[in-house]
Amino acid sequence: MTRKFEEMLGELRDVVKKMEDPDTGLDESIALYEKGAALIRECERKLAEAELKVTEVTEK
Amino acid sequence: MDQVPAGPGPVPGPAVLSVADISGIIAEALDDGRLQDIWIRGEITSYKHHHSGHRYFSLSEQVWGRNFSLRCVMWRSRGTDLDFEPRDGLAVIAFGYVQFYEGQGQVQFNVQEMLPAGAGEKHLLVERWKRELAAEGLFSEERKRPLPPFPSVVGVVTARTGAVLQDILNVLGRRFPCRVVLSPTAVQGDLAHLEITRAIRILDGRVDVIIVARGGGSFDDLFPFNHPDVVRAIGCSRTPVVSAVGHEVDHVLSDLAADRRAPTPSAAAELVVPDRADLGREVAGYLERMKGSLEKKVQASGLLIEDLRLRLQPRRLLRRVNEHRDIVAELGEDLDRAVAGKIGRLRGELEKERALLDGRSPLSILARGYCIAEKEGRVVRTARDLGRGDRVNLRMHGGGAKAQIEEVYHDKEV
């Protein structure tokens with residue numbers, strides 16, 4: 001199992017916040033953009049690929 | 001013969017009351033807490049459903065051969081939600097108050113609510129359980145926990161077959177597919193509460209959230225979800241529980257002990273997972289915001305480049321700066337046009353862009369010791385541009401020089 005969607009979404013929110021900080025420089029912003037874009041791709045992939053898996057338990 | 005007093009007149013002796021007076025006294029005597037808001041068990045006799053809609057009957061019983069009977073009336077407005085048809089011989093429990101009906105001189109029981117005895121007793125039992133479980137604190141608000149926003153594993157306690165599980169899976173599949181662990185159980189019947197309790201305990205601690213669900217049904221069908229075993233299993237579960245039993249109008253005690261109550265199983269599924277369409281929109285929104293802020297920063301660095309241009313006059317470098325600015329402008333437009341699916345392309349351009357920023361900054365090139373040669377106003381890009389005796393201008397950090405080529409030599413293979 002790769003990383004949890006929840007974590008990635010949290011990280012993405014941080015990236016956006018950091019990018020919107022006026023003190024963040026261009027180079028860092030570009031790096032953040034790449035990171036954010038990768039996170040978005042990963043999030044979207046997770047959303048698209050999510051699958052329902054049903055199992056059954058009967059024993060403790 | 002004794003003499004009879006002649007004509008009307010004040011009569012000596014005991015006071016004589018009017019019927020109205022005595023009716024008043026009887027009514028007052030019946031105004032007793034023991035006769036108000038009470039449940040009475042009995043068998044229906046002399047049942048009449050009057051065309052006006054009112055119901056008249058007696059509640060009767062025999063004890064040691066003696067007959068006891070109480071006249072009853074149930075007004076039309078009270079009888080509309082009866083879910084059975086009363087008839088003679090039926091054992092019932094009835095809720096109401098005893099009153100004196102002056103017009104007929106009758107003591108009667110004014111029935112507010114009536115249930116067949118078996119089910120009725122179950123209702124009373126549920127009421128008792130409710131009080132007891134409330135006293136244990138199982139229904140208190142402080143116990144309620146928030147549901148996890150992104151459960152990876154959803155546990156479902158319901159019947160293996162039937163629409164309920166399918167409804168839940170459909171909603172989960174549409175909104176946010178995840179792992180589902182079914183803990184199958186009977187959902188009705190005399191022993192169902194044991195199975196339900198066990199099914200909940202099996203899931204407890206193994207999943208992120210538990211849905212306890214059952215489709216609509218009669219009070220009897222839903223009865224196991226009132227059982228204290230089930231209610232306690234829900235109330236004491238370490239994993240948050242959503243209860244979805246019956247339809248919107250049905251209420252069972254398990255609803256009160258759960259962290260959330262959902263009106264239907266489908267609604268429970270909606271409660272436990274977010275909608276991926278919403279999440280997709282949120283994520284796409286972040287892309288827009290990132291592009292916006294990057295654009296702003298690119299513009300800001302464009303201003304920096306402008307500053308450099310003013311400080312460094314050489315034309316060909318200026319051309320490169322302009323070239324660079326065109327690319328920056330293009331990139332800006334690309335950013336505008338870029339959509340979610342084109343991130344890869346955009347990222348490639350950004351990569352190039354950064355290389356340009358780093359490598360082509362005129363200051364950094366010259367300051368690092370590089371020199372630019374120019375022949376007849378054009379930059380010399382390759383040795384092939386030059387021949388012996390050519391005059392060239394050299395531009396370097398801190399100034400320039402004019403030079404004449406003495407010899408040209410070529411690398412073997414570039």
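In this predicted model, helix α5 (residues 192–203) of chain B and helix α7 (residues 228–235) of chain B have axes that come within 8 Å and cross at roughly 10 degrees. On the α5(B) side the contact is made by B:H193, B:L194, B:I196, B:T197, B:I200 and B:R201, and on the α7(B) side by B:D229, B:V230, B:A233 and B:I234. By class, the residues of this contact are six nonpolar, two polar and two charged.

The next topic is the contact between the chains. Chain B contributes 34 residues to it and chain A contributes 29 residues. On the side of chain B that touches chain A, the elements giving two or more residues are α4 (163–175), β7 (179–184), α10 (276–311) and α12 (343–359) of chain B. Helix α10(B) supplies the largest share of that side, with 13 residues. The side of chain B that touches chain A divides into 22 nonpolar, six polar and six charged residues.

Strand β7(B), one of the elements on that side, also pairs with a strand of the other chain. Its partner is strand β1 (residues 53–56) of chain A; four bridges join the two strands, which run parallel. One of the pairings can be located by residue: A:E56 has B:L182 in β7(B) as its bridge partner.

How values were computed
Residues are numbered from 1 along each chain as its sequence is written. Chains are lettered from A and ligands numbered from 1 in the order in which they are written. This is a predicted model: local features need pLDDT of at least 70, side-chain atom pairs count only at pLDDT 80 or more; totals for chains, interfaces and linings use all residues. Two residues are in contact if their C-beta atoms, placed from the backbone, lie within 7 Å. Ala, Val, Leu, Ile, Met, Phe, Trp, Tyr, Cys and Pro count as nonpolar, Asp, Glu, Lys and Arg as charged, and the others, Gly among them, as polar. Two strands pair if DSSP finds at least two bridges between them. Axes are lines fitted to C-alpha atoms, for helices over the stretch in contact, and angles run from 0 to 180 degrees between N-to-C directions.
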